Amino acid sequence: MDNKLTVLEEIIKETGEELYQKWYNGLAIEDRTEETSKAMSSNAGETAVWVIQTFMNKFNSAAEELKSDDSNG
């Protein structure tokens, strides 16, 4: 099987990395430890997945409602 990421997986990965960087940059220098970095990296990845899944679910639900409204006329 090919090791390429799907478009969605790539978006999730990049969003998690960007979120981690934003959080890490917001820390005071003295709080930037390896332990903190690892925890924030994990949390950023999980948060990115949750936010994107939630967005997609709500977007798809709204699209289905619009489709139902169009067919009801």
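This is a predicted model: local features need pLDDT of at least 70, side-chain atom pairs count only at pLDDT 80 or more; totals for chains, interfaces and linings use all residues.

Analyst: Residues are numbered from 1 along each chain as its sequence is written, and side-chain values use heavy atoms, with hydrogens and water left out.

User: How do the rings of Tyr-20 and Tyr-24 pair?

Analyst: Rings of Phe, Tyr and Trp (its six-membered ring) pair if their centres lie within 6.5 Å; planes under 30 degrees apart count as stacked, over 60 as edge-to-face and the rest as tilted. The count is two aromatic pairs. In one of them, Tyr-20 and Tyr-24 sit 5.6 Å centre to centre with 25° between the planes, so the pair is stacked.

User: Is Tyr-20 buried or exposed?

Analyst: Buried means under 20% relative accessible area, exposed over 50%, partly exposed in between (1.4 Å probe, protein chains only). Tyr-20 has 17% relative accessibility, so Tyr-20 is buried.

User: How are H1 and H2 oriented to each other?

Analyst: Helices (H or I, at least four residues) are DSSP runs, numbered from the N terminus. Axes are lines fitted to C-alpha atoms over the stretch in contact, with angles from 0 to 180 degrees between N-to-C directions. The axes of H1 and H2 (residues 34–72) come within 8 Å and cross at roughly 130°. Angles under 35 degrees count as roughly parallel, over 145 as roughly antiparallel, 65 to 115 as roughly perpendicular and the rest as oblique, so H1 and H2 are oblique.

Conventions:
Helices (H or I, at least four residues) and strands (E, at least two) are DSSP runs, numbered from the N terminus.
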